[in-house]
Every structure is written in structure tokens, then in C-alpha cells.
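Dear colleague,

Please find the structure below, followed by a summary of what was found in it. I would be grateful if you would read the two side by side.

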Amino acid sequence: MAQSEKQRSVLRINLDILNAVRDEGDAKPTHILYKANLSHERLVRYLDDLTEKGLIEVKQDGENRTYNLTTKGVSFLIEMRRAESFVQGFGLAI
Amino acid sequence: MASGALISFTLDILCAVVALLTSYYAYRVNRLVTNQVVGAISLGFMLLGIGLAVDASTTLFSGKTLVESFSDRILVLFASFTYLTVQMVAYLVIAIGYASAAYGSRPKAAAPAVLAGAAAVGLYRFSLLSYFVALILLAFIVFQGLLLHSGQSNRFSATVLLAFGLILVAHVVLLASVLTLGPLLFLTGTGIQFLGFLSLLIFVVRSEVVGPK
């Protein structure tokens, strides 16, 4: 069964969010929401969790809230990219 | 030490290093993604690495390859028996991992059945059985690998399939060498097996040097 047909794992969702934040740089929640394909409620929950883990940081400018990857977040994404390549080699997906 | 034994020792020890390296990377990846198949790959390659190291040590100390030592001392027989058993269990673990990914269940009865069938026979018969079982398991792994790859093939999956394919061919040759007691055929099989592990090493290195998208 293809990955798109299955329910995404929590790890996959977190990776999609982190990739969206990295691609955007000063990423707005609406952009992350669109790229990670999540509801607003779920996105807030995931963003809070990733912030708590120190993988992303929040920048508050008046009413605007943007997100950036932390150094830990960048390292985590590189590690996950390696892990994904390894897993894909055996015909699997994260 | 005869040149055949020296070649066999060198190739086995290199294969053992690659198998243990693959096991370590799979273990590291499994800590991140917690996947049943990756766990099986880690355990399977660890067993395979240990088995190959045992076989290499036996060849080093006896100065003979496995095929040449069928009528040899008890220690060599025991070491060869250990290697063949560990190898069979290793491929079984990987095959079970792939089966669980493909069918969502674990064929739990398979391991004891294979070991029970292998018990209490001479080394020659046991090695025949072991190579045959390893051959069946490898064919199963390659088949399951192909099924999983057909869904999402990429530049890494071809290298892993090639590796398992070469190890499968190697076991055909190794089985033939045990049947005919041919030392040259045995070395050819060991050489092909080494090429399989070399492909695996290329895959591990390539997946490790990959950067961010």
C-alpha cells in the first residue's frame, strides 16, 4: 500500500512540519498548515510539541507569529533524512 | 595456511564487518523511527556478522575452508555448525521482518521448525540443509523486497536488492559446492557473497552521506 493511502505516522507529520518550516524560513502558521496538510487545531498541538522539544522556535512580532528551525531541529532533520534513505533502501517508508 | 583458506578468511571477515556495520546503522535508524522490519534487519545482520566472524576464525585457526573441513576435528565441526545455524537464523529473522511488513503478521512457528529439522544430523547434511534453507529464505527476502520496492522504488532500493540478489546467487553456488565438495566452487560462492556485501556497504555509505533535501 502506498504511503499516501495510509494514515500518516506522528513522525511523518512532524517531519512534514519541520520541512515546511525549513523551506519557508520565518514560516507563518497558515503556510505550514497548507504544506503539512493539517487542521489548525492539530497544527497548533504539533507546533507546541516541536517547540517544547527545542526543534523549532517561535518569533512573535505584534500579532504575527512565525517559526524557524533551531540548530537542534536542523540536526534532527539531517539525521531523519539519513534514516529515511536507509529505510527506503529496504522498500519501507517512515 | 592454504591460499584458498586465506581468501575465504579475508572475504568472510570483510563480509562480517559490513554485516555488523549494517546492523549498527539499522539499530541507530530503529531508535529514530521504531520500525519492526528495521529491528529485524538490525538483529539479522548482527547474527550474520557474528556467524561470518565465527566462520572466518574457524578458517584462520584450522587453515581449511568449510567444505574442506567436513571430516575434520570436533572443534572445527562445532564452529562450522555454529556458523551455519547462526546464518540460517539470521536470514530467518530478516525474512520474518519482511513478512510482517508485507502481511502484517509474524510466522512464529517457522524458527523452531527450521532448527528442529536441522538438529541431530551430521555437519555435511546439516550444511546442505542450512544452505538450502538460507537459499529459500533469501529467495523469500528478495521476493518480498521486490514487492515492497514496486510501491516506492528509489536509487537506494536497487542497491539493496542487488545485494540480496548477489547473496542469493552466492548461496546457490555454495549449495552446489557442498553437494560436489568443490573447494573452487566454494571460493566462487564466497566471492559472490562478498560482492553482495560490497553492494550493501555502498548502500550504507550512500544513505549516510545524504544531506538535507
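How many residues of chain B are in contact with chain A, and how many of chain A with chain B? In this predicted model, 26 residues of chain B contact 19 residues of chain A. On the chain B side, the elements that each contribute two or more residues are α1, α2 (36-62), α5 (123-151), α6 (155-180) and α7 (183-209). That side of chain B consists of 14 nonpolar, 10 polar and two charged residues.

The crossing of α4(A) and α1(B) is left-handed. From α4(A), the contact involves A:E79, A:M80, A:A83, A:F86 and A:V87, and from α1(B) it involves B:Y25, B:V29, B:L32 and B:V33. Of these contact residues, eight are nonpolar, none is polar and one is charged.

Helix α1(B) itself comprises 31 residues and reaches 45 Å from its first C-alpha to its last, close to the expected 45 Å. Just after this helix, B:T34 adopts a positive phi of about 45 degrees.

Chain A contains four helices and two strands, arranged along the sequence as α-α-α-β-β-α. Its radius of gyration is 14 Å, close to the 12 Å that the globule rule gives for 94 residues, so chain A is as compact as a globular protein of that length. Of the 94 residues of chain A, 34% count as buried.

With kind regards

Notes:
Residues numbered from 1 in each chain as written. Chains lettered and ligands numbered in written order. Predicted model: local features only at pLDDT ≥ 70, side-chain atom pairs only at ≥ 80, totals over all residues. Left-handed = near helix turned anticlockwise from the far one by under 90°. Contact = placed C-beta atoms within 7 Å. Nonpolar A, V, L, I, M, F, W, Y, C, P; charged D, E, K, R; others polar. Expected span 1.5 Å × (residues − 1). Rg over C-alpha atoms; globule rule 2.2 N^0.38 Å. Buried ≥ 20, exposed ≤ 12 C-beta atoms within 10 Å, placed from the backbone.
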